[in-house]
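Good morning, and thank you for joining this group meeting. I shall present one structure and comment on its aromatic contacts, its ligand and its overall dimensions.

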Amino acid sequence: MGQRLKDKVALITGASRGIGQAIAQAYAAEGAKLCLLATDAARLTALKESLGLPDAHILVQSVDVRQGDRVLQAVQTAIQHFGHIDVLVNNAGIYKSKPFLDYAVQDFQDLLDVNLMGVVNFMQACLPGMQARRTGSIVNIASTAGKWGSRNQSAYNVSKHAVVGLTRCVALEASPYGVTVNAICPGFVQTDMVENLKKQAAESAGASVDAFMQAALARVPLGRIITPEEIAAMAVYLGSAEAAGITGQSMHIDGGMVLS
Ligand code: NAP
């Protein structure tokens, strides 16, 4: 690893597990200072200890991304601690599978509250400082579900389509200030969420978990699940100066799945 993010201050949501944790580890390895957020304070503290960064270089805060006031407060605390934020990684998310007719309105609301409004809350809290400094990068973790249709997860796909659309729109408005806004669209990634997805999606499809996964992987040209570290590598790139000319894009990391 190099120092591609040396001294950049990165705020990462959903850092307690899975993809967010891998992004935190990759950012630390590239020299970033970290503000890590999730709701599980114990897991955040364990991650902080495992990273071994000096206290001045890492801050963890237990925050629910749905709560706009708490988000604003957390961003202000991060700015007081580090002086500013260079990179915002909106990664926190939830998943719920059901046939469309079985989803309750509340299911749609729950998915939109975390997967969309969490991103809205953090972008609204971080963007003014980035625009004032005329520099910054925002990386939103969307999904291949934000690019195409899927059976039995319409509410999740809607929330991720919204993140892809929001990424494009905010990229246009932020570009005069030198701030980039991009999204990463992972396919299947080996995390707790995909374990949960396998069970729920198999049940919604009336299939066994093995049969569901066999059919799912048959649609992946590379024939395998992506690792969280592969997503983290793209998040490092998009947060670094090397990607300063890229904005409004949503990058697939899916083993070629959306081609098939
Ligand atoms: P995960 O293992 O379930 O982790 C989800 C993270 O989001 C956790 O750190 C969780 O923290 C946090 N989170 C959830 N609700 C939150 C809330 N209300 N407030 C604050 N934090 C919250 O999932 P993952 O697979 O790493 O997914 C990360 C992102 O990638 C999500 O946006 C997901 O939709 C997207 N994605 C995943 C896959 C996949 O196959 N895994 C594919 C495409 C896209 P706490 O539990 O501590 O709150």
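This is a predicted model: local features need pLDDT of at least 70, side-chain atom pairs count only at pLDDT 80 or more; totals for chains, interfaces and linings use all residues.

Tyr 95 and Tyr 156 are both buried, where buried means under 20% relative accessible area, exposed over 50% and partly exposed in between, with a 1.4 Å probe and protein chains only. The two form an edge-to-face aromatic pair, at 5.0 Å centre to centre and 70° between the planes. Rings of Phe, Tyr and Trp (its six-membered ring) pair if their centres lie within 6.5 Å; planes under 30 degrees apart count as stacked, over 60 as edge-to-face and the rest as tilted. Tyr 95 sits in the loop between β4 (87-90) and α4 (105-133), and Tyr 156 in helix α5, so this pair ties together parts that are 61 residues apart in sequence.

Residues are numbered from 1 along each chain as its sequence is written, and side-chain values use heavy atoms, with hydrogens and water left out.

The structure holds three aromatic pairs. Tyr 103 and Phe 108 form an edge-to-face pair, with 5.3 Å between centres and 65° between planes, and both residues are buried. Ring pairs join Phe 100, Tyr 103 and Phe 108 into a cluster.

Let me turn to the ligand. Which residues come nearest to the ligand? Of the 31 residues around it, they are Ser 16, Thr 39, Asn 91, Tyr 156 and Thr 191; a residue is near if one of its heavy atoms lies within 4 Å. By class, this shell has 16 nonpolar, nine polar and six charged residues. Here Ala, Val, Leu, Ile, Met, Phe, Trp, Tyr, Cys and Pro count as nonpolar, Asp, Glu, Lys and Arg as charged, and the others, Gly among them, as polar.

Finally, the chain as a whole. The chain has eight helices and seven strands, taken as DSSP runs (H or I, at least four residues; E, at least two) numbered from the N terminus. Buried residues make up 51% of its 260 residues. Along its principal axes the C-alpha trace spans about 50 × 35 × 35 Å.
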